[in-house]
Amino acid sequence: MKNAKEIVLTPEGLQKLQDELDNLKLIKRKEISEQLKVARSFGDLSENSEYDEAKNAQAMNEARILELEMTIKNARVMEASEMTNEKVHMGSKVRVYNSLMQEEENYTIVGSAEVDPLELKVSDESPIGKALSGARVGDVVEVTTPAGKVFTLEILEINI
């Protein structure tokens with residue numbers, strides 16, 4: 001079997017995945033087990049929609065558990081020595097001026113397993129993440145979106 005791709009995570013990202021895994025194993029599994037018991041008590045399983053729903057929930061829960069276990073198994077947590085305010089890297093919190101929006105924004109550069117667009121946590125592999133990676137305060141980088149729109153980001157501040 002081919003080696004799985006190494007997934008680089010921030011310590012915070014690894015903890016978030018571990019917490020989700022614990023919740024699915026310790027709490028969600030029990031809830032689904034109870035739903036299955038109740039649904040079985042309704043009798044004939046061939047026409048029992050509650051039973052079908054509980055079985056589907058169980059399958060999705062187990063699939064997510066396997067996905068999280070593989071992600072955690074293949075994860076490499078960034079070391080503190082890798083993190084610096086000198087230039088943008090994974091784990092950096094970057095304050096930028098966005099020429100397209102004509103406003104300041106705060107991005108956090110994360111691995112693909114930690115992406116959260118609502119919190120402006122962008123992947124190091126995304127157009128914004130790629131453009132910012134390696135840049136320093138004062139640099140202006142160009143971003144090209146998948147739709148072909150081009151704009152610039154001026155790096156105002158880098159934190160870890």
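Biologist: What covers the buried residues of H2?

Modeller: This is a predicted model, and in it the cover over the buried residues of H2 includes strand E1 (7-9), helix H1 (11-40) and strand E2 (75-77). The buried residues themselves are Tyr-51, Ala-54, Asn-61, Ile-65, Leu-68, Thr-71 and Ile-72.

Biologist: How do you know that the span of helix H2 is close to the expected one?

Modeller: Helix H2, residues 49-73, has 25 residues, and the distance from its first C-alpha to its last is 36 Å. The span expected at 1.5 Å a residue is 36 Å, to which the helix comes close.

Biologist: Why is Asn-48 called buried?

Modeller: The relative accessible area of Asn-48 is 3%, and buried means under 20%, so Asn-48 is called buried. Asn-48 is found in the loop between H1 and H2, and, leaving aside neighbours within four places in sequence, Asn-48 is in contact with Ala-39, Phe-42 and Gly-43.

Biologist: Why is Glu-114 said to have no salt bridge?

Modeller: The nearest side chain of opposite charge, Lys-121, is 5.7 Å away from Glu-114, whereas a salt bridge needs the charged atoms within 4 Å, so Glu-114 is buried yet without a salt bridge. Glu-114 is found in the loop between strand E4 (103-110) and strand E5 (121-123), and a polar atom of the Glu-114 side chain lies 3.3 Å from the backbone nitrogen of Gly-13. Not counting residues up to four places away in sequence, Glu-114 touches Val-8, Leu-9, Thr-10, Gly-13 and Lys-121.

Biologist: Turning to the whole chain, which pattern does the protein chain follow along the sequence, and what makes it more spread out than a compact globule?

Modeller: The protein chain has 3 helices and 7 strands, and along the sequence they follow the pattern β-α-α-β-β-β-β-α-β-β. The radius of gyration of the protein chain is 21 Å, well over the 15 Å that the globule rule gives for 160 residues, so the protein chain is more spread out than a compact globule. Its C-alpha atoms fill a box of roughly 70 × 35 × 30 Å along the principal axes, and buried residues make up 32% of the 160 residues.

How values were computed
Residues are numbered from 1 along each chain as its sequence is written. This is a predicted model: local features need pLDDT of at least 70, side-chain atom pairs count only at pLDDT 80 or more; totals for chains, interfaces and linings use all residues. Side-chain values use heavy atoms; hydrogens and water are left out. Helices (H or I, at least four residues) and strands (E, at least two) are DSSP runs, numbered from the N terminus. Buried means under 20% relative accessible area, exposed over 50%, partly exposed in between (1.4 Å probe, protein chains only). Lys and Arg count as positive and Asp and Glu as negative; His and the chain ends are not counted. A polar contact is a pair of N or O atoms within 3.5 Å; within protein, one must be able to donate a hydrogen and the other to accept it, and residues adjacent in sequence count only if both atoms are side-chain atoms. Contact means heavy atoms within 4.5 Å. The expected span of a helix is 1.5 Å times one less than its number of residues. The radius of gyration is taken over C-alpha atoms; the globule rule is 2.2 Å times the number of residues to the power 0.38.
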